[in-house]
Amino acid sequence: MVVRSKCNGHRITGLYVGVNNVRRYFPKNVETIDLELDHLRIQCGLTPHFWKGEPEIHDQRLSAWLELKQFQGKLHGSSMLAMIPSGNNSFILGPASLDGHGRAPRSASTTGAPEKQAMLAGALPN
């Protein structure tokens, strides 16, 4: 799924997931998700507002990682990111391709279940 970084002025404050992505990828009973950011794995809480028209994920570690990637030029001046399901309430976060479809971050392993391999390769629809 394609998501966008959420900004407040010049600071990145988190991710905007989008209402359709929330309906498709997030069960309502989930309170936290795991995000893989390069070699780092963090757990982010989801507020009740996440399902009520404010589909945003806020976490200081996530914001710091996003700001670092933007500073390093690894987001290519774009706020579009790919959030790829990688397990139960778990996602890999990385740059999105230019056509707006998710692609696997370079550090992601392609070993594992065939469904995960296909998803990481972009063979399954978002």
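Colleague: How many residues sit between β3 and β4 in the hairpin?
Modeller: There are 2 residues between them, and Asp-38 in the turn has a positive phi of about 55 degrees. Strands here are DSSP E runs of at least two residues, and helices are H or I runs of at least four, numbered from the N terminus. Bear in mind this is a predicted model: local features need pLDDT of at least 70, side-chain atom pairs count only at pLDDT 80 or more, and totals for chains, interfaces and linings use all residues. Residues are numbered from 1 along each chain as its sequence is written, and side-chain values use heavy atoms, leaving out hydrogens and water.

Colleague: How many bridges join β3 to β4?
Modeller: 6 bridges, with β3 (residues 32-37) and β4 (residues 40-45) running antiparallel. Two strands pair if DSSP finds at least two bridges between them.

Colleague: How many disulfides, then?
Modeller: 0 in this structure, counting a pair of cysteine sulfur atoms within 2.5 Å as one.

Colleague: Switching topic, what's the overall pattern along the sequence?
Modeller: The chain reads β-β-α-β-β-β-α-β-β-α, with 3 helices and 7 strands. Of its 126 residues, 38% are buried.

Technical notes
Buried < 20%, exposed > 50% of the residue type's maximum accessible area, 1.4 Å probe, protein only.
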